[in-house]
Amino acid sequence: MSKDSLDDPSLNADQLTSALQQVKLADITEFLIDREADPACPSCRANAWTVMDPTIQGVVDLRMRAPWTITESFGPGAALPAIVMVCNQCGFIRQHSGHLVAAWMLKKLA
Ligand SMILES: [Zn+2]
């Protein structure tokens, strides 16, 4: 099992964006299994998650912001794409790097 790097010089921003746009729910599950991520919620130990999708849940896009990009008005700026999952039992929120999922998707599609 190979590990992708956030600093992989062979991936450019366009490739990462294109790969992220192709990610489906089943891919996220497959990625987490491939990376041996613990499926249990660290808060309540349940194993039932909802992957947040602003087009379905109608929530604001939740992305981690680099601290130096946050302005007083919280306007647009650089952000880290993240897969956001909410525990169906206790509401714990976990996030996985969109960059790593994208790099994994590119290798899967190659
Ligand atoms: Zn939980």
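**A close look at helix H4**

Modeller: The buried residues of H4 pack against helix H1 (13-22), helix H2 (25-34), strand S4 (82-87) and strand S5 (93-97). This is a predicted model, in which local features need pLDDT of at least 70 and side-chain atom pairs count only at pLDDT 80 or more, while totals for chains, interfaces and linings use all residues. Residues are numbered from 1 along each chain as its sequence is written. Helices (H or I, at least four residues) and strands (E, at least two) are DSSP runs, numbered from the N terminus.

The chain contains four helices and five strands, in the order α-α-β-α-β-β-β-β-α. H4 has 12 residues and spans 16 Å from its first C-alpha to its last, close to the 16 Å expected at 1.5 Å a residue; the expected span is 1.5 Å times one less than the number of residues.

A residue is buried if 20 or more other C-beta atoms, placed from the backbone, lie within 10 Å of its own. Of the 110 residues of the chain, 10% are buried; those in H4 are Gly98, His99, Val101, Ala102, Ala103, Trp104 and Met105.

Beyond its neighbours within four places in sequence, Ile83 is in contact (C-beta atoms, placed from the backbone, within 7 Å) with Ile28, Val51, Gln95, His96, Gly98 and Val101.

Technical notes: A residue is buried if 20 or more other C-beta atoms lie within 10 Å of its own, exposed if 12 or fewer, and partly exposed in between; C-beta atoms are placed from the backbone. Two residues are in contact if their C-beta atoms, placed from the backbone, lie within 7 Å.
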